[in-house]
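Subject: Structure for your review

Dear colleague,

Please find below the structure for your review. My notes on its salt bridges and on one helix contact follow it.

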Amino acid sequence: MENKKFYMTTAIAYTSGKPHIGNTYEFVLADAIARYKRSQGYDVFFQTGTDEHGQKIELKAEEAGVSPKEFVDGVASQVKEIADMMNTSYDKFIRTTDEYHEKQVQKIFKKLYEQGDIYKGHYEGMYCTPCESFFTESQLVDGKCPDCGREVQPAKEEAYFFKMSKYADRLIEHINTHPEFIQPVSRKNEMMNNFLLPGLQDLCVSRTSFKWGIPVDFDPKHVVYVWLDALTNYITGIGYDCGGENKELFNKNWPADLHLIGKDIIRFHTIYWPIFLMALDLPLPKQIFGHPWLLQGDGKMSKSKGNVIYADELVNMFGVDAVRYFVLHEMPFENDGVITWELMVERMNSDLANTLGNLVNRTISMTNKYFGGTVTNKGVHEEVDADLKAVTEHTPKAVEEKMDKLRVADAITEIFNLFKRCNKYIDETMPWALAKEEEKKDRLETVLYNLIYSISSGAELLSSFMPETAEKILTQLNGGNVTDKPEILFQRLDLEEVMKKVAELHPPVEEEKEDDVIDIEPKEEITFDDFMKLQFQVGEIIACEEVKKSKKLLCSQVKIGSQVKQIVSGIKAHYTAEEMVGKKVMVLVNLKPAKLAGVLSEGMLLCAEDAEGNLALLTPEKSMPAGAEIC
């Protein structure tokens, strides 16, 4: 009987820079799922790769003084090296600069244009370069990108658009009739309530303001917008041909069984991508899982704080499998996980060196000491054996149940519960005491056989998550004919020594001096008449409170002359409500009112932002009355 196929993908890594451990987590998570599916007899095809076009990369290459292709070649090489270093068993590494992919994207664009799904028009809106996304004014949060919180720039240019609304009802029906399609459920609710049900706007699918992209072959001043380019990798990578000459690999594997992506790009994968597929008359992927983020323990990663963590640094300190264990075990199913050097050391010492490493070491040492390295089942069982056997037999079923729901951290916990039960069994049976009585020799051999059997069972399950460690354990135990000398699987580490090495790796950068400067991308020039349309005044904050439905918004009552305006600002991470009261601030008064998180905002407080995203309210240098004009 032919094995059942399982086609899975990661999101392709954006080649704007070296991926940190949060990016690397997705490779490891996908690999664990792929390996587990293979162990169940599935014929797995696992694809990953790099996303290499767009304005941001064009700018990065210019800053580096190299061509965009040279720049992405360098970063793609780093991404692949990290994926290989983490022992990921991908079958295909696609690059969106691959010739086959680029040709198919051009054919797809032309097909969609010719069948009326894409049309030519003009785009005017706010553009976020890091996210490669357009937004309307109403979609902005506090005047900034709703996805990343960065500044947006006004953009107006000729562009091609995709008629998203044409397929919206069909997509809503699909989501409602396929509850497994978007996971976790919280991501599905977010997409339905925030995007689909309010109504989809047509999507900009080409750009003319930069060149680093796949040219639209019938209108070469346009390049294909990055999301139409990037998302189609999932079909081009396995041989989709828009002309109907699909490769056998595509016919065998599509639709994908699982797209594994970060929660920040869930919208593109659960709305844009399914609609593109509908337009191409292709079946939709079976499941899209938006995993949470792996965050630094002391907040946002920052070079000035010296807290950026890269996979290669962790591997050099702890080893590949220890890093795999940590990122998989510490990531909850829906909520963000946290990584710190201190927590890594704690897990290394408690879970890996003690619970697992010491268990294997003790078992092999006792087998060698008491039986010359070989034990068989003598059948001298006692009541205490029953629970160990029950846990051993239950664990594979529990792991399967967790993995079927993509609860990878919970699956690993089940395996380590088995190892903990083995340690408890040693304490219960006390082999060293049995060894003192000759008449209990058969019982001692049975105990050690039971241990080897249960540990081996756990190691086989562990092979999907920590493949090198599992292989070492199984080789050393060898079905009861153990190795002469046990290999130390994980060495205990001294936290102080580790932190000294970390300080050498990441010395904090000096704080910016007063004469340091930041260059930002210039906006389009305006006339004096344009400027005079804006009304800036000094305001005094007389009351302030947190917006209950938001993690980053404060709602201020601002006295401006004889009137009071309510202004909502995304500055909760930088100011408390109490700190705001009494401040004299600079206010854009005649901004069109808008609702943020359901609260009306009638203006904008002006702030300055440094390179690390820290905000400071702009205040008048001297005492000025509330309402004074800023000119």
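Please note that the model is a predicted one. The side chain of Lys221 meets that of Glu158 in a salt bridge, with 3.2 Å from N to O. Glu158 belongs to strand E7 (residues 153-162), whereas Lys221 sits in the loop between strand E10 (206-207) and strand E11 (223-224), so the pair ties together parts that are 63 residues apart in sequence.

A second pair, Glu546 and Lys572, also forms a salt bridge through its side chains, at 3.4 Å from N to O. This pair links distant parts of the chain, 26 residues apart: Glu546 is in strand E16 (residues 536-546), and Lys572 is in the loop between strand E18 (563-569) and helix H21 (577-580). Glu546 has a relative accessible area of 48% and therefore counts as partly exposed. Lys572 is partly exposed as well, with a relative accessible area of 23%.

Salt bridges with shared partners also join Glu52, Lys69, Asp73 and Arg95 into one network.

A further salt bridge lies within a helix. Asp84 pairs with Lys80, and their closest N and O atoms are 3.6 Å apart. Both Asp84 and Lys80 lie in helix H3, where four residues, about one turn of the helix, separate them. The relative accessibility of Asp84 is 40%, so Asp84 counts as partly exposed. Lys80 is likewise partly exposed, at 34% relative accessibility. In general, side chains of opposite charge can pair when their charged atoms come close. With a cut-off of 4 Å between a side-chain nitrogen and a carboxyl oxygen, the count for the model comes to 33 salt bridges.

Helix H3 also takes part in a helix contact. How do helix H2 and helix H3 cross? The axes of helix H2 (residues 55-64) and helix H3 (residues 68-85) come within 8 Å and cross at roughly 95°. Because angles of 65 to 115 degrees count as roughly perpendicular, H2 is roughly perpendicular to H3. On the H2 side, the contact is made by Ile57, Lys60, Ala61 and Ala64, and on the H3 side by Pro68, Phe71 and Val72. The residues of this contact of H2 with H3 comprise six nonpolar, no polar and one charged.

With kind regards

Methods
Residues are numbered from 1 along each chain as its sequence is written. This is a predicted model: local features need pLDDT of at least 70, side-chain atom pairs count only at pLDDT 80 or more; totals for chains, interfaces and linings use all residues. Side-chain values use heavy atoms; hydrogens and water are left out. Axes are lines fitted to C-alpha atoms, for helices over the stretch in contact, and angles run from 0 to 180 degrees between N-to-C directions. Helices (H or I, at least four residues) and strands (E, at least two) are DSSP runs, numbered from the N terminus. Angles under 35 degrees count as roughly parallel, over 145 as roughly antiparallel, 65 to 115 as roughly perpendicular and the rest as oblique. Contact means heavy atoms within 4.5 Å. Ala, Val, Leu, Ile, Met, Phe, Trp, Tyr, Cys and Pro count as nonpolar, Asp, Glu, Lys and Arg as charged, and the others, Gly among them, as polar. Buried means under 20% relative accessible area, exposed over 50%, partly exposed in between (1.4 Å probe, protein chains only).
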